[in-house]
Amino acid sequence: PSPAYSNGIVFAANEYAMASAIKLSEDGGTVVTEVVWDFDEVLPEVSSPVGDGERFYFATSIGDLVCLDANTGEELWIEEMDDGFYSSPVLVGDRLYIADMPGMMYIVKAGPEYELIAKINLGELTFATPAFLDGRIYIRTESHLYCIEENNV
């Protein structure tokens with residue numbers, strides 16, 4: 001997984017190691033780092049985390065969707081899904097979008113409590129992270145590339 005940056009904190013996690021939140025600051029032109037907390041409960045194997053300034057979110061290959069407090073590392077919630085994730089959660093506004101490997105797209109409200117907004121079955125294997133651009137969502141599955149946008153007609 002790639003690290004995530006949010007609100008002055010770098011969050012790096014890997015299933016075979018540990019997750020760490022590293023605060024970045026500046027002292028006379030030099031970057032100063034400080035590990036502010038570690039987390040070693042459930043960790044991502046492939047999926048990269050994302051942060052919203054107050055929390056970090058990540059998913060695991062065994063099907064856990066996790067939310068941690070960005071400042072303390074406190075586990076706010078873990079939701080156990082039926083299948084695992086290789087795609088990474090994407091934060092758009094106050095919503096997280098993430099697809100599990102069999103192709104179920106989850107839309108979850110970003111916040112201190114788990115709230116599922118919607119589940120959409122894409123119908124085939126999905127390993128790629130959804131992408132957002134100019135009011136559109138792009139989703140790549142095993143055999144298709146979908147572009148979804150609002151119809152203003």
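**View 1. Asp 94 and its bridge to Lys 109.** In this predicted model, Asp 94 comes out as partly exposed, at 37% relative accessibility. Its salt-bridge partner is Lys 109, and the closest N and O atoms sit 2.9 Å apart. Asp 94 is in the loop between β9 (90-92) and β10 (95-99), while Lys 109 belongs to strand β11 (residues 104-109), so the contact ties together parts that are 15 residues apart in sequence. Lys 109 is partly exposed too, with a relative accessible area of 30%.

**View 2. Glu 149 paired with Arg 136.** Here a salt bridge joins Glu 149 and Arg 136, with 3.3 Å between the closest N and O atoms. Glu 149 lies in strand β15 (residues 145-149) and Arg 136 in strand β14 (residues 136-140), so this pair links parts 13 residues apart in sequence. Glu 149 has a relative accessible area of 49%, which makes it partly exposed. Arg 136 also counts as partly exposed, at 29%.

**View 3. The network around Arg 55.** Salt bridges link Asp 52, Glu 54 and Arg 55 in a network. Zoom in on Arg 55 and Glu 54, and the closest N and O atoms of their bridge are 3.3 Å apart. For context, searching the whole structure turns up four salt bridges.

View 4. Glu 75 is partly exposed, and its relative accessible area is 38%.

Notes: Residues are numbered from 1 along each chain as its sequence is written. This is a predicted model: local features need pLDDT of at least 70, side-chain atom pairs count only at pLDDT 80 or more; totals for chains, interfaces and linings use all residues. Side-chain values use heavy atoms; hydrogens and water are left out. Buried means under 20% relative accessible area, exposed over 50%, partly exposed in between (1.4 Å probe, protein chains only). A salt bridge is a side-chain nitrogen of Lys or Arg within 4 Å of a carboxyl oxygen of Asp or Glu. Helices (H or I, at least four residues) and strands (E, at least two) are DSSP runs, numbered from the N terminus.
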